[in-house]
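Subject: Structure for your review

Dear colleague,

Please find below the structure that I am handing over to you.

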Amino acid sequence: MIMVVMVGMSVAFSYVVFYADNYKAGIGSSVLESLAIEDVWVKQDYTSVQVSVYNVATQANLGTDVNLNVTAIYIDGSALINIRGSPNPSSLDYNPNYQTINFAEQPVKAGMHITFTCQSTKPLGSGTHDITITTLRGSNIKAQFDVA
Amino acid sequence: MLKKLFRNRKGTAEVIGTIMFIVILMFFFTNVYLWHDAATKDMNELYVKKMNAGMSISFDSSNNQVIVKATASDVKLSRLWIDTSSIHVYANLPLNLYVAPGDTNALTFTFNNPAPPNSDGSVIVDSPNGNTINVRCAYDQSVRFTIVNTLGITVST
C-alpha cells in the first residue's frame, strides 16, 4: 500500500510540476507582457488602418523573452478587421503580412516590430482616437493617436 | 499508550499519502507565488527604467535635421518614424545606438540623398558618422517624426 501511495504521489508531483510550468509559460506570463504601440496610420480613405507594434518584453529588458499574440484591436471601442491585402508590393493594398487573416495567427515575438493591416467598420475622422490592443493572455494595451 | 500507537502499522500509507499531498500542494503554491513575485518585480524594474528613459525630439526645419536628446539616463534607440499625410515610413536604427544625457551627446538625423522606401515601409539608414545619422528619406511639410527606444517609449515632434 505504501508503494502504491509513493508511486501515485510521484505521478501527482510530476503533473503539478508540468501544470505549474504550463501556467507560468501561459496565462501567468500576462503580467510580463509589454507591448508598445509605435504608430497608427489611418489612410486617406479613413477606414484602412496600419497599426505598428513593438514587443518590448525582451531578455535585455525583463530577463526573459515573452512572446505574445494579439487577438483584437479596437479603435474607439469598435473592433478592427484584419484584412489579407495583396502580396504584391506595387499594389495599393499591399500587406507584408499577407498570410495573416486573424491577428492571433501572427505571433509577436520578443523584440519584434510588426505591422497589422486592418480595416475599420466606420470612418475614422479628424481628431484624437483611443486604441486598445488585447492579447491572447488577456492583457490590454491602450494608447491614443491623432488623425489629421 | 504511545508505544502501542507507534507499533500499530494500520493506516501508515494513508498518513504518508496525506503528508505528501500537502507537501505537493505547498510546493505548487510556493512555486507559483515566488515566480509571480519575481515576475512582478521584473515588470516594476522595467517601469522604473521607462520612467528614467526620458527623451526629447525636435525638428529643425531650416536645416532639415531632427535632434534627439536623452533627458535622464542613457537610452538605446530602436526606430525613427517619419509620418506624412500620404505615407508612414520608418528607419530601423543601428543596433547599440545609445544616446547619453546632455546637449553635447544629442543625436542628429539628417535627410540627404533621399531614396524610395522599401516594400516593407523601411527606409535606408547610412552608417552613423559620430553623433550624426543620415536617413535616406524624403518628406513634405506635414511631416511628424517619432522616435522609439528599446523600452517602448515613443516621443513625437
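The C-alpha centres of domain 1 of chain B and domain 2 of chain B lie 52 Å apart. Domain 1 covers residues 2-50 of chain B and domain 2 covers residues 54-156; such bounds come from an automatic or database domain assignment.

Before the details, a note on the source: this is a predicted model, in which local features need pLDDT of at least 70, side-chain atom pairs count only at pLDDT 80 or more, and totals for chains, interfaces and linings use all residues. Residues are numbered from 1 along each chain as its sequence is written, while chains are lettered from A and ligands numbered from 1 in the order in which they are written.

Chain B

The radius of gyration of chain B is 29 Å, whereas a compact globule of 157 residues would have a value near 15 Å. This radius is taken over C-alpha atoms, and the globule rule is 2.2 Å times the number of residues to the power 0.38. Along the principal axes, the C-alpha atoms of chain B fill a box of roughly 100 × 35 × 25 Å.

From the N terminus on, the order is α-α-β-β-β-β-β-β-β-β-β-β.

The contact between the chains

Chain A gives 30 residues to the contact and chain B gives 32 residues, where two residues are in contact if their C-beta atoms, placed from the backbone, lie within 7 Å. On the side of chain A that touches chain B, at least two residues each come from helix H1 (2-25), strand S1 (35-42), strand S2 (48-55), helix H2 (59-62) and strand S6 (113-119) of chain A. H1(A) gives the most to this side, with nine residues. The residues on this side of chain A divide into 20 nonpolar, seven polar and three charged (Ala, Val, Leu, Ile, Met, Phe, Trp, Tyr, Cys and Pro count as nonpolar, Asp, Glu, Lys and Arg as charged, and the others, Gly among them, as polar).

Strands of chain A

An open sheet of four strands in chain A has the order S1-S2-S6-S5, with antiparallel pairing; two strands pair if DSSP finds at least two bridges between them. Why is one side of S1 and of strand S5 (81-82) of chain A left without a neighbour in the sheet? Both stand at the edges, each with a single partner strand, so one side of each has no neighbour there. Within this sheet, S2(A) and S6(A) pair in the antiparallel sense over seven bridges, and Val49(A) stands opposite Cys118(A) in S6(A).

Strand S3 (residues 70-75) and strand S7 (residues 127-135) of chain A pair in the antiparallel sense over five bridges, with Thr132(A) in S7(A) as the bridge partner of Tyr74(A). S7(A) also runs antiparallel to strand S8 (residues 140-147) of chain A, joined by eight bridges. Here Ile133(A) stands opposite Ile141(A) in S8(A). S7(A) and S8(A) form a hairpin with four residues between them, and Gly138(A) in the turn has a positive phi of about 100°.

Yours sincerely
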